[in-house]
Amino acid sequence: MMTRVIGCVVALLLFSTVEVQAQGYLDGLMGRATESAKRKAQDRVNQNIDQSIDKAIKKTEDTVKCVATDRECLRRAKEEGKPVEMADAPAAKDTMKCLVTDTGCMKHAKAQRKKVEIVEESELDTLRCAATDADCLKRAQAMGKKVDIID
């Protein structure tokens with residue numbers, strides 16, 4: 001009788017140990033599946049961002065910027081079959097274009113005794129970005145702008 005009780009207890013312990021191990025295994029599988037799904041979602045987002053940047057760069061590479069009075073530029077663009085984007089005439093040499101938030105640009109203009117023209121970011125030929133400012137660098141790439149590293 002005693003051996004039967006001991007046998008039942010041993011069987012019960014073995015069964016509960018197997019159940020706990022199986023539960024741990026399932027938890028591990030779920031954790032790995034969740035991490036894999038997160039990685040794939042992030043990869044897809046990164047891929048879409050890269051495609052958007054590439055599309056914007058290609059568009060700017062295909063577009064020719066001309067000042068309205070530059071007949072030679074307009075003629076060349078027409079011959080090449082490329083779309084033309086009208087650019088503003090170059091600013092006077094005594095004027096610097098700055099964003100309202102770019103105090104460094106304004107200080108630089110003041111040091112050179114130049115007037116400051118406050119413009120939108122899209123109107124700048126060159127964006128001033130810190131080397132660690134990934135957002136600024138991506139915007140510059142997307143808009144096809146040159147970058148002036150300020151740090």
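Buried here means under 20% relative accessible area, exposed over 50%, and partly exposed in between (1.4 Å probe, protein chains only). The model is predicted, so to speak only of what it can carry, local features need pLDDT of at least 70 and side-chain atom pairs count only at pLDDT 80 or more, while totals for chains, interfaces and linings use all residues. Residues are numbered from 1 along each chain as its sequence is written, and side-chain values use heavy atoms, with hydrogens and water left out.With that settled, the overall layout comes next. The chain has 4 helices and 6 strands, where helices (H or I, at least four residues) and strands (E, at least two) are DSSP runs numbered from the N terminus. Read from the N terminus on, the order of elements is α-β-α-β-β-α-β-β-α-β. Of the 151 residues in the chain, 15% are buried.

A crossover is called right-handed if, with the strands pointing away from the viewer, the path from the first strand over the helix to the second runs clockwise.

Strand β5 (residues 126-129) has L127 and C129 on its covered face, with T126 and R128 on the uncovered one. β5 pairs with strand β6 (residues 146-149) in the parallel sense, again over 4 bridges, and T126 has K146 as its bridge partner in β6. Together with helix α4 (residues 134-143), β5 and β6 form a right-handed β-α-β unit.

Then there are the cysteines. The structure holds 3 disulfides, each taken as a pair of cysteine sulfur atoms within 2.5 Å. Counting bonded cysteines along the chain, the pattern is 1-2, 3-4, 5-6. Next along is the link from C98 to C105, at 2.0 Å from S to S. Here the torsion is about -70°, so the C98 and C105 disulfide is left-handed too; C98 and C105 are both buried. The sulfur atoms of C129 and C136 are 1.9 Å apart, and their link is left-handed, with -65° about the S-S bond. C129 is buried at a relative accessible area of 1%, and C136 is buried at 3%.

Finally, the surface. V100, V116 and I118 make a nonpolar patch of about 260 Å². Patches are made of residues with over 30% relative accessible area and no salt bridge, with like charges joined within 9 Å and nonpolar side chains (Val, Leu, Ile, Met, Phe, Trp, Tyr) within 5 Å; a salt bridge is a side-chain nitrogen of Lys or Arg within 4 Å of a carboxyl oxygen of Asp or Glu. Accessible areas come from the Shrake-Rupley method with a 1.4 Å probe, and for residues only the protein chains shown count as cover. V100 belongs to the loop between β3 (95-98) and α3 (103-111) and is exposed, with a relative accessible area of 58%.

Definitions and conventions
Pairing = 2+ DSSP bridges.
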